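Subject: Structure handover

Hello,

Here is the structure for you to look over. My notes follow below it.

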Amino acid sequence: MTNPVSISQWLSAVLTVSGTFFFIVGTLGLLRFPDIYSRLHALTKADNLGLGLLVAGLALQADTLSSALKLILIWLLVIVTSATTSFLIARTTLEQGIQPKDKP
């Protein structure tokens, strides 16, 4: 017989580990990619996905629905601020004449 609580905890653990993996990949992209545009891409994509997976994993462990909704709201706010900040950084960089690097 399967216990639904253990399935929820297992799914939460998988989502949390997956989110951590994407955070690590985003950090590696920040350190390894050659120019600012590639680094912004790595940070915004991987970190937003990583945070979404972490929030989903934590929401499954939340005691109340309001706690889970607060976590989702935080994730949505981070998505909006991350996209806005990345856009502003990329636009300012382009205005300064810094072009993306070509392929090697």
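Buried means under 20% relative accessible area, exposed means over 50%, and partly exposed is in between, with a 1.4 Å probe and protein chains only. This is a predicted model, so local features need pLDDT of at least 70, side-chain atom pairs count only at pLDDT 80 or more, and totals for chains, interfaces and linings use all residues. Residues are numbered from 1 along each chain as its sequence is written, and side-chain values use heavy atoms, with hydrogens and water left out.

Start with threonine 93. Its relative accessibility is 8%, so threonine 93 counts as buried. It is found in helix α3, residues 65–95. Helices are DSSP runs (H or I, at least four residues), numbered from the N terminus. Threonine 93 touches Ile36, Tyr37 and Ile98, leaving aside residues up to four places away in sequence. Contact here means heavy atoms within 4.5 Å.

Next, the record. The unreviewed UniProt entry annotates residues 12–31 and 72–94 as "transmembrane region". Such annotations may be inferred rather than shown by experiment, and positions are given in the numbering used here. In the model, residues 12–31 are 100% helix, with end C-alpha atoms 29 Å apart. Residues 72–94 are also 100% helix. Their end C-alpha atoms lie 33 Å apart.

Last, the rings. Rings of Phe, Tyr and Trp (its six-membered ring) pair if their centres lie within 6.5 Å; planes under 30 degrees apart are stacked, over 60 edge-to-face, the rest tilted. The count is one aromatic pair. Phenylalanine 21 and phenylalanine 22 form it, edge-to-face, at 5.6 Å centre to centre and 75° between the planes. Phenylalanine 21 has 51% relative accessibility, so it counts as exposed. Phenylalanine 22 has 27%, so it counts as partly exposed.

Best wishes

Notes: Helix = DSSP H or I, 4+ residues; strand = E, 2+ residues; numbered from the N terminus.
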